[in-house]
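Thanks for coming, everyone. I'd like to walk you through one structure today, so let me put it up on the screen.

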Amino acid sequence: MSKNISIIIITNDNDIVLRETLPMVLSQQYDARFEVVVVRETMKGDIKDILEPFYAEYKNLRSTYLPDKPQYVTGEEIEILLGVKAAEYDHVIIIPPSFAPDSEKWLERVGDFLESNPLSENRPLILGDMHIRHLGLFKRHKHKKTVRKLLKSWCRTNGVKRETLYLDKENAGLFPIIFLHRSYIDDMSLRNIIYRHVTV
């Protein structure tokens, strides 16, 4: 039986690409429950207007927003935490607004992989880097280098083999990162990896 999944999209007010990519995520054919939680930078703005037409058609779409600008941490860190806390299901995927699934079966492939490779506590799964190709070769290389460094440190601390955090080549690029809800809330090092992976 497939896992119920919460998909979190972290946005800022100028991510108007969400108008094109959101329907591709919401229209996934999946035999279990899934929800999409869009975390907005502010209460008003372009993202709020973009979401309005979708609420009537998609009952599994929700959104939340930053009530105030944080003083001591970045807005992105708080947005990720808000999204995870708002997630209804234990399996959580974070994707950027520009992420566009390659088919309506994307989430089904994710569920199939989780069935044969179940997550354990404090073990994220980072799957491909297709979602950052638009950043260009240099930024993509810098991103991968940063993530590799973070993962190496986290794996050493937690006694996990780094190779077990990635999909095989056949499935590379399915989505950025998936983890268990409880592990993100409880493990600061995992929160740091996810934050850096999504925002670098």
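Before we start, one term: when I say two residues pack against each other or are in contact, I mean that they have heavy atoms within 4.5 Å. And please keep in mind that this is a predicted model.

Okay, the overall layout. We have 7 helices and 6 strands here. If you read along the sequence, the pattern goes β-α-β-α-β-α-β-α-β-α-β-α-α. The protein has 200 residues, and 45% of them count as buried. Now look at the contacts with a separation of 6 or more: 80% of those are between residues 24 or more positions apart.

Let's go inside. In soluble globular proteins, nonpolar side chains tend to be buried together. In this model the largest nonpolar core has 30 residues, and the ones touching the most other members are Ile 7, Leu 22, Val 36, Val 38, Leu 61 and Leu 107. Which elements give two or more residues to this core? Those are β1, α1, β2, α2, β4, α4 and β6. Helix α4 gives the most, with 5 residues. There's also a second, separate core of 18 residues, and Ile 8, Ile 10, Val 39 and Tyr 195 are among its members.

Setting aside its neighbours within four places in sequence, Leu 22 is in contact with Ile 9, Val 36, Val 38, Leu 51, Phe 54 and Leu 61.

Leu 22 brings us to helix α1. The buried residues there are Leu 18, Thr 21, Leu 22, Val 25 and Leu 26. Why do they end up on the same side of α1? Because they cover an arc of only 135 degrees around the axis. What do they pack against? The answer is β1, β2, α2, β3 and β4.

Thr 21 is worth a stop. At 5% relative accessibility, Thr 21 counts as buried, and a polar atom of its side chain lies 2.6 Å from the backbone oxygen of Pro 97. Not counting residues up to four places away in sequence, Thr 21 touches Pro 97, Ser 98, Phe 99 and Ala 100.

Now take Glu 20, also in helix α1. Buried or exposed? At 58% relative accessibility, Glu 20 counts as exposed, because the cut-off for exposed is over 50%. For a sense of distance, the C-alpha atoms of Glu 20 and Ile 50 are separated by 9.8 Å, and those two are 30 residues apart along the chain.

Ile 50 sits in α2, where the buried residues are Ile 47, Ile 50, Leu 51 and Phe 54. Their arc around the axis is only 90 degrees, so they are on the same side of α2. The cover over these buried residues includes α1, β2 and β3. Turn to the face pointing away from that buried side, and you find the exposed residues Asp 49, Pro 53 and Ala 56.

Glu 35 is found in strand β2. With a relative accessibility of 3%, Glu 35 counts as buried, because buried means under 20%. What does its side chain do in there? The side chains of Glu 35 and Arg 62 are joined by a polar contact of 2.8 Å. Beyond its neighbours within four places in sequence, Glu 35 is in contact with Ile 5, Ser 6, Ile 7, Asn 60, Arg 62, Ala 86, Ala 87, Glu 88 and Tyr 89.

Last topic: confidence. The mean pLDDT of the protein is 77, and 72% of its residues reach 70 or more. Among the elements, β2 has the highest mean pLDDT, 94, while helix α5, residues 137-158, has the lowest, 66. Then there are two stretches to flag. Over residues 129-136, pLDDT stays under 50, and the model has 14 contacts beyond four places in sequence for them. Residues 167-174 also stay under 50, with 15 such contacts in the model. Where pLDDT is low, the predicted coordinates should not be read in detail.

That's my tour, and I'm happy to go back to any part of it.

Conventions
Residues numbered from 1 in each chain as written. Heavy atoms only, no water. Helix = DSSP H or I, 4+ residues; strand = E, 2+ residues; numbered from the N terminus. Buried < 20%, exposed > 50% of the residue type's maximum accessible area, 1.4 Å probe, protein only. Core = buried A, V, L, I, M, F, W, Y, C linked by side-chain atoms within 4.5 Å. Polar contact = N/O pair within 3.5 Å; in protein donor to acceptor, adjacent residues only side chain to side chain. Arc of directions from axis to C-beta. pLDDT = per-residue confidence, 0-100.
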